[in-house]
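Colleague: I am new to this one. Could you walk me through its spaces and surfaces?

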Amino acid sequence: MPELPEVETTRRGIAPFLLGDRVERVEVREPRLRWPVPADLDQCLAGTEMLSLDRRGKYLLARNVRGTLIAHLGMSGSLRVLTRPEPPSPHDHVDILMAGGTVIRYRDPRRFGCLLWTGGDPFDHPLLRDLGPEPLSDGFDGAYLHRCSRGRRAPVKGFVMDARVVVGVGNIYASEALSMAGIHPLRAAGRVSRQRYDVLAGAIRDTLERSIRLGGTTLRDFVNPAGEPGYFEQTLRVYGRAGQPCRTCGAPLRQVVVGQRSTFYCASCQR
DNA sequence: CAACGGACCTGCCTGC
DNA sequence: TGCAGGCAGGTCCGTT
């Protein structure tokens with residue numbers, strides 16, 4: 001489900017309820033996520049105030065005086081804010097109960113996500129250490145992508161989805177950004193010009209920023225922490241639109257599999 | 001190193 | 001109606 005815009009939407013949604021309040025306790029009903037939820041997570045969080053909630057790629061980082069909670073939503077994860085008690089559904093694995101009475105509820109049917117704890121610098125954690133730049137930061141531009149891509153023969157679509165290259169670009173937004181930039185998803189990353197990487201870097205940035213503004217993409221079930229859907233789906237150019245007309249030239253959009261992921265593009269607009 | 005396939009899970013939809 | 005098969009927004013890990 002969540003790519004960068006959905007994770008950022010989630011961060012903004014829970015921040016007002018998590019920050020400036022004290023954690024009462026943590027209730028773990030199902031610790032078997034991608035990696036086990038630490039057995040002492042409650043001791044790490046209980047009684048402390050959350051000091052900051054940041055995002056690094058698709059990871060959420062919630063810091064208190066003792067360390068940092070590292071959260072990832074995987075494919076099907078979500079965090080919701082409950083202002084009144086609600087009985088947990090089967091996949092509501094973890095609750096963070098705040099002193100003020102609100103509950104931050106972690107749900108993840110497929111359990112590809114994780115909730116981990118680190119007492120050290122979270123950016124030194126093995127999961128975060130090797131991540132590439134944030135696509136909305138100044139360090140990310142066409143010159144960087146061009147430099148990074150030299151000698152790479154694999155498709156450019158997989159290249160921009162590689163978190164060591166740039167974080168946060170998942171399967172939807174990779175197709176969308178390549179469509180905006182007019183680049184064929186199967187083109188070898190090393191055979192895209194510097195000029196075209198300038199356009200692509202801008203397209204990635206624009207696509208992600210626009211989606212954040214619209215509250216993310218709701219394909220099946222994404223809702224923000226308040227339970228509201230995102231509206232970016234209505235503006236998708238290619239994702240999920242195989243056979244339908246290209247919004248630019250009218251040609252039927254195509255679907256191929258790249259690196260085991262469905263990929264959508266216009267054969268006449270993207271070269 | 002870069003590149004690829006498999007693995008981890010459940011739910012939902014399609015077609016027989 | 002039941003069931004098998006395929007597919008889904010991620011990403012780590014082992015092998016070539």
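This is a predicted model: local features need pLDDT of at least 70, side-chain atom pairs count only at pLDDT 80 or more; totals for chains, interfaces and linings use all residues.

Colleague: What domains does the assignment give for chain A, and what distance separates their centres?

Modeller: The domain assignment of chain A gives two stretches, 4–128 for domain 1 and 142–265 for domain 2. To the contact, domain 1 brings 16 residues and domain 2 brings 15 residues. Taken over C-alpha atoms, the centres of domain 1 and domain 2 are separated by 28 Å.

Colleague: Back to the largest pocket. What is its volume, and which residues are closest to its centre?

Modeller: The volume of the largest pocket is about 1000 Å³. Its lining takes 36 residues. Closest to the centre of the largest pocket are Pro2, Lys58, Gly74, Met75 and Arg261.

Colleague: How does the lining of the largest pocket divide by class?

Modeller: Gly counts as polar here. On that scheme, the lining of the largest pocket has nine charged, nine polar and 18 nonpolar residues.

Colleague: Which element gives the most to the lining of the largest cavity?

Modeller: The lining has 17 residues, with Leu18, Ala62, Leu69, Leu79 and Ile96 nearest the centre of the largest cavity. At least two residues each come from α1 (4–18), β3 (59–63), β4 (68–72), β6 (92–98) and β7 (103–107). With three residues, the element that gives the most is β3.

Colleague: What classes make up that lining?

Modeller: The lining of the largest cavity holds no charged and no polar residues. By class, its 17 residues are nonpolar.

Colleague: And the second largest cavity: what is its volume, and which residues line it?

Modeller: The second largest cavity has about 30 Å³ of volume. By class, its lining has two charged, two polar and two nonpolar residues. The residues that line the second largest cavity are Ser179, Arg237, Val238, Cys246, Arg247 and Thr248.

Colleague: Turn to the DNA. Which residues surround DNA strand B, and how do they divide by class?

Modeller: Around DNA strand B are His91, Pro109, Arg110, Arg111, Phe112, Arg152, Arg153, Ala154 and Gln260. By class, this surface near DNA strand B has four charged, two polar and three nonpolar residues.

Colleague: What share of the DNA strand B atoms within 4 Å of the protein belongs to sugar or phosphate?

Modeller: Take the atoms of DNA strand B within 4 Å of the protein. Some belong to bases, and the rest, the sugar or phosphate share, come to 55%.

Colleague: What distances separate His91, Pro109 and Arg153 from oxygens of DNA strand B?

Modeller: A polar backbone atom of Pro109 is 3.4 Å from a sugar or linking oxygen of DNA strand B. For Arg153, a backbone N or O atom lies 2.6 Å from a phosphate oxygen of DNA strand B. For His91, the distance from a polar side-chain atom to a phosphate oxygen of DNA strand B is 2.5 Å.

Note on methods
Residues are numbered from 1 along each chain as its sequence is written. Chains are lettered from A and ligands numbered from 1 in the order in which they are written. Side-chain values use heavy atoms; hydrogens and water are left out. A residue is near a molecule or strand if one of its heavy atoms lies within 4 Å of it. A polar contact is a pair of N or O atoms within 3.5 Å; within protein, one must be able to donate a hydrogen and the other to accept it, and residues adjacent in sequence count only if both atoms are side-chain atoms. On a 1 Å grid over the protein atoms alone, a cavity is a set of points where a 1.4 Å probe fits but cannot get out, and a pocket is an open set with protein on both sides within 12 Å along at least five of seven lines; lining residues have an atom within 4 Å of a point. Helices (H or I, at least four residues) and strands (E, at least two) are DSSP runs, numbered from the N terminus. Grid points are joined across faces, edges and corners, and a volume is the space filled by probe spheres set on the points. Domain bounds come from an automatic or database domain assignment. Contact means heavy atoms within 4.5 Å.
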